[in-house]
Amino acid sequence: MISQLTVFLENEKGRLAAACRVVSDAGIDMHALNLADTADFGVARMLTDTPEAAAKALRERGYRATVTPVLGVRVPNVAGGLAALLEFLDDQDANIEYGYCFSANDGYAVDVLKVEGSDDLEQKLSDAGFQPVAPQDVYRIG
Amino acid sequence: MYYQPDIETMPREQLRDLQLERMKKTLSRACGNVEFYRRSFKEAGLEPGDLKSLDDLARFPFVVKQDMRDAYPFGLFAVPKGDVVRIHASSGTTGQATVVGYTAEDLRNWGDCFARGICMVGGDSTSTIQVSYGYGLFTGGLGAHAGGEALGCSVVPTSSGNTRRQIQMMRDLGTDILACTPSYALLIADTAIEMGYDPATEFKISAGIFGAEPASESLREDIRKKLGIQYCDVYGLSEVMGPGVAMECAESKGLHLAEDHFYAEIIDPETLLPVPDGTYGELVFTTLTRACCPLVRYRTRDITRILSEQCACGRTHRKIDRIVGRTDDMLILRGVNVFPSQIEQVIVGFPEIAAQYQIILTSKGPLDRVELDVETVPEFPFDEIRRLEGLKRRLASELKSNLQIAVDIKIVEPKTIERGEGKAKRIIDLREGSRA
């Protein structure tokens with residue numbers, strides 16, 4: 001599992017910029033960003049270097065920020081790459097709460113999924129030939 | 001430990017005799033020295049001599065806040081100017097300010113009343129009490145200060161504001177007891193934690209005396225835990241004296257009235273008739289020892305009830321329950337009567353929600369729009385929108401079933417809701433035609 005930085009934001013002008021500035025001021029590099037929004041609030045989910053330190057920096061500045069374990073899987077850049085992964089998860093009775101994707105290079109993308117309902121998913125994925133990613137594949141740990 | 005054991009544990013019969021004797025004096029002094037009472041008693045066809053028992057008091061007319069405004073500044077003073085040693089005033093935010101005066105003896109009695117509460121939380125002459133109420137015309141700071149000095153504590157008069165320095169003093173001086181508003185106590189606790197301290201274990205503080213604004217049980221519990229202290233609720237109002245009219249003992253089940261100085265009645269705010277002990281109604285005070293500004297049947301507009309059961313702490317003075325609302329901060333929302341405390345009660349039932357909240361009222365055409373801003377507790381799994389939306393839905397439906405009105409819930413970032421240094425502003429009324 002990889003660690004995702006999650007920040008609660010009010011749906012107001014400038015909030016996301018301000019939160020990103022806090023991360024940047026802490027000297028922390030960001031690799032992926034996903035936004036979920038509702039009428040009055042939003043949740044920013046990010047992959048950054050040293051996620052715990054990023055969460056701490058945000059909390060110190062008064063943000064609701066936490067680190068959430070999520071599943072990251074390397075998916076080849078071919079037709080049906082994601083479909084095969086999702087079908088496999090479905091077969092394992094794993095429910096996907098949310099997901100997003102970022103491209104690391106032309107050859108493959110990393111799909112990030114918040115999954116509930118199945119244990120040892122990473123092991124099962126590896127056994128089935130999928131490629132779960134380790135934290136150090138995505139961001140700097142220390 | 002008692003501060004004045006003879007008085008605080010006086011047998012009830014004897015206490016009632018003392019009250020009657022003092023009440024008679026108050027009535028004759030009020031009538032003899034204050035034109036307002038001379039006139040109002042006469043209009044009611046009464047003389048001070050008509051008071052033969054404590055129950056006879058119910059025949060006498062009331063005094064309301066407006067009477068005090070009309071008498072501004074010195075109309076209700078019953079002593080010559082030379083005997084007045086202190087003047088306090090209430091803020092004039094909702095109208096003309098009101099002024100109250102104190103003689104040297106009034107101040108001594110005030111100190112005694114507050115000192116009883118310091119003993120209730122285990123304080124003595126070796127204790128250090130930090131007074132973080134505002135000092136000034138507001139009675140909070142100087143009232144707590146007088147209590148600390150009466151008992152012989154070391155009083156640290158930090159007043160309110162400059163929170164980090166407050167915490168520095170608290171730590172360096174080994175404060176035992178903190179006196180301030182509950183919302184400021186929470187701000188102090190949160191700031192100390194942010195500064196990297198754990199005040200519950202690292203600070204010497206063992207008790208807090210908090211008043212001047214309402215506090216829900218969850219806010220009280222929050223403060224108790226974060227500071228690791230006994231929570232003493234203090235009641236008072238400047239018109240009657242200031243903080244110390246009633247204070248909460250270690251049993252935490254109501255506040256002991258200083259019945260040797262104040263006679264309390266509870267009346268039905270509609271019929272104005274006294275109600276039996278245990279029934280909620282408006283709290284009415286008659287002062288028994290105030291020399292400068294005696295009050296006969298002052299309507300406080302605070303809603304509570306009298307708890308007359310014997311208290312395990314040994315004090316015989318009756319208790320009042322926590323104030324549940326004010327007759328005049330009752331909100332009328334879409335024609336429904338709502339007390340902010342009802343909203344607070346619902347919030348307390350949601351452990352996912354932090355103690356701070358704010359109600360914002362706006363007009364939406366002819367209708368009132370009610371928005372409730374809340375924060376989640378830090379542990380809440382806000383990562384999932386589904387859970388946040390679910391929490392909003394459950395809270396809205398609980399409010400709807402309790403208050404019979406629809407409330408729009410808004411989950412906000414922490415610190416959006418102001419943590420005040422004085423009285424917390426829980427309700428922001430932006431409706432057209434509403435009072436500021």
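Biologist: Leaving aside its neighbours within four places in sequence, which residues is B:H88 in contact with?

Modeller: In this predicted model, B:H88 belongs to strand β1 of chain B. With a relative accessible area of 0%, B:H88 is buried. Leaving aside neighbours within four places in sequence, its contacts are B:T98, B:V99, B:V100, B:Y102, B:W110, B:G136, B:L137, B:F138, B:T139 and B:L142.

Biologist: What distance separates the C-alpha atoms of B:H88 and B:Y102?

Modeller: B:Y102 is one of the residues in contact with B:H88. Along the chain the two are 14 residues apart. Their C-alpha atoms are separated by 8.4 Å.

Biologist: How confident is the predictor, and what is the mean pLDDT of chain B?

Modeller: For the complex, the predictor gives an ipTM of 0.86 and a pTM of 0.65. In chain B, 94% of the residues reach a pLDDT of 70 or more. Where pLDDT is low, the predicted coordinates should not be read in detail. The mean pLDDT of chain B is 91.

Biologist: How is chain A built, and what pattern does it follow along the sequence?

Modeller: Chain A has 142 residues, of which 45% are buried. Its secondary structure consists of five helices and seven strands. Read along the sequence, these elements give the pattern β-α-β-β-α-β-α-β-β-α-β-α.

Biologist: Of the contacts in chain B between residues at least 6 apart in sequence, what percentage join residues at least 24 apart?

Modeller: Chain B contains 12 helices and 21 strands. Of its 436 residues, 56% count as buried. Among contacts between residues at least 6 apart in sequence, the share joining residues at least 24 apart is 66%.

Biologist: Which residues have the most contacts inside the largest nonpolar core?

Modeller: The largest nonpolar core has 54 residues. Helix α2 of chain B, residues 12-33, supplies the largest share of this core, with five residues. A second, separate core of 32 residues includes A:A36 together with B:L331, B:I343 and B:L391. Within the largest core, the residues with the most contacts are B:Y37, B:Y235 and B:F285.

Biologist: B:Y235 touches B:G244; in which strand does B:G244 lie?

Modeller: B:Y235 also touches B:F285, B:I320 and B:I323, among others. B:G244 in turn touches B:C113, B:F114, B:V234, B:Y235, B:G236 and B:A258, not counting residues up to four places away in sequence. The relative accessible area of B:G244 is 4%, so this glycine is buried. The strand that holds B:G244 is β8 of chain B, residues 242-248.

Biologist: How far apart are the C-alpha atoms of B:G244 and B:G117?

Modeller: Along the chain, B:G244 and B:G117 are 127 residues apart.

Biologist: Within what arc do the buried residues of α11(B) fall?

Modeller: Helix α11 of chain B spans residues 340-348, and its buried residues are B:P340, B:I343, B:E344, B:V346 and B:I347. Because these buried residues share an arc seen down the axis of α11(B), they line one face of the helix. An α-helix has 3.6 residues a turn, so residues three or four places apart point the same way. The arc for α11(B) is 160°.

Biologist: At what angle do helices α8 and α10 of chain B pack?

Modeller: The meeting residues are B:P182, B:A185, B:L186, B:A189, B:D190 and B:I193 in α8(B), and B:L219, B:D222, B:I223, B:K226 and B:L227 in α10(B). The crossing of α8(B) past α10(B) is left-handed. Their axes are 10 Å apart, and the packing angle is about 40°.

Biologist: Is B:R297 buried or exposed?

Modeller: B:R297 is found in the loop between β11 and β12 of chain B. Although not a glycine, B:R297 has a positive phi of about 55°. Buried means under 20% relative accessible area. At 1% relative accessibility, B:R297 therefore counts as buried.

Biologist: What is the omega of the cis peptide bond from B:Y72 to B:P73?

Modeller: Most residues other than glycine have a negative phi, and most peptide bonds are trans. B:P73 lies in the loop between α4 and β1 of chain B. The bond from B:Y72 to B:P73 is cis, with omega near -5°.

Key: Residues numbered from 1 in each chain as written. Chains lettered and ligands numbered in written order. Predicted model: local features only at pLDDT ≥ 70, side-chain atom pairs only at ≥ 80, totals over all residues. Heavy atoms only, no water. Core = buried A, V, L, I, M, F, W, Y, C linked by side-chain atoms within 4.5 Å. Buried < 20%, exposed > 50% of the residue type's maximum accessible area, 1.4 Å probe, protein only. Helix = DSSP H or I, 4+ residues; strand = E, 2+ residues; numbered from the N terminus. Contact = heavy atoms within 4.5 Å. pLDDT = per-residue confidence, 0-100. Arc of directions from axis to C-beta. Axes fitted to C-alpha atoms, helices over the stretch in contact; angles between N-to-C directions. Left-handed = near helix turned anticlockwise from the far one by under 90°.
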